[in-house]
Amino acid sequence: MDNMVDDKKVNQVVDNGKGDSGNGDAGKGYELPLLLFAGFRTLIDRLHAELARQGHPDIRPAHGFAMQAIGAAGATASEVGRRLGVSKQAAGKTVDRLIALGYAARTDDPGDARRKLVRLTPHGIDALRRSAAVFDELRAEWAEAMGPHRLRDLEAGLRGVVPADAFRLDAAGWLGGS
């Protein structure tokens, strides 16, 4: 890959030489987040390749987060921004792109004539439904590769260490420092 620092693919700045924690675990602390992120990235990249094959070639990872932030009931651009942890302007740009691609539309808010809601179109809903199906297929592939028990153990272990409120949509804003 052309974006790797070198063939080690590990933390280039900090390597304290420790690798064995004494219990036969040869992992290094900084490798855990890298492995988790690499797993996430692998799933997302494969998802988007499949979505492109299924008629959604322009959708990007940020669009999926934004469509989740819009939700079934719709949302204002300000609400989308708050849910994503980005500025109203950044959310507006993403919403504009979703509208241009046909995934969302602006509508009048029936409860407040001064507000505009962003709602998912049938095309946007189709993308989310296909995403869910592809994620099920990818999980099945992981289960086959790792073994279903090991995957269930991994998922259970992560549920045990990840706080209940960690499932948030603001990953893009968090990664970007907003």
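The model is a predicted one, and the protein in it holds seven helices and two strands. Along the sequence these elements follow the pattern α-α-α-α-β-β-α-α-α.

- Of the 178 residues in the protein, 25% are buried.
- When contacts between residues at least 6 apart in sequence are considered, 48% of them join residues at least 24 apart.

**The strand pair**
- Strand E1, which covers residues 104–109, pairs with strand E2, which covers residues 112–120, in the antiparallel sense and over six bridges.

**The packing of H2 and H3**
- Two packed helices are described by the angle between their axes and the distance between the axes.
- For helix H2 (residues 61–70) and helix H3 (residues 77–84), the axes come within 9 Å and cross at roughly 120°.
- Because angles of 65 to 115 degrees count as roughly perpendicular and those over 145 as roughly antiparallel, H2 and H3 are classed as oblique to each other.
- The crossing in which H2 passes H3 is right-handed.
- On the H2 side the contact is made by Phe65, Ala66, Ala69 and Ile70, while H3 contributes Val80, Arg83 and Leu84.
- By residue class, the contact of H2 with H3 comprises six nonpolar residues, no polar residues and one charged residue.

Key:
Residues are numbered from 1 along each chain as its sequence is written. This is a predicted model: local features need pLDDT of at least 70, side-chain atom pairs count only at pLDDT 80 or more; totals for chains, interfaces and linings use all residues. Side-chain values use heavy atoms; hydrogens and water are left out. Two strands pair if DSSP finds at least two bridges between them. Helices (H or I, at least four residues) and strands (E, at least two) are DSSP runs, numbered from the N terminus. Axes are lines fitted to C-alpha atoms, for helices over the stretch in contact, and angles run from 0 to 180 degrees between N-to-C directions. Angles under 35 degrees count as roughly parallel, over 145 as roughly antiparallel, 65 to 115 as roughly perpendicular and the rest as oblique. A crossing is left-handed if the near helix is turned anticlockwise from the far one by less than a right angle, and right-handed if clockwise. Contact means heavy atoms within 4.5 Å. Ala, Val, Leu, Ile, Met, Phe, Trp, Tyr, Cys and Pro count as nonpolar, Asp, Glu, Lys and Arg as charged, and the others, Gly among them, as polar. Buried means under 20% relative accessible area, exposed over 50%, partly exposed in between (1.4 Å probe, protein chains only).
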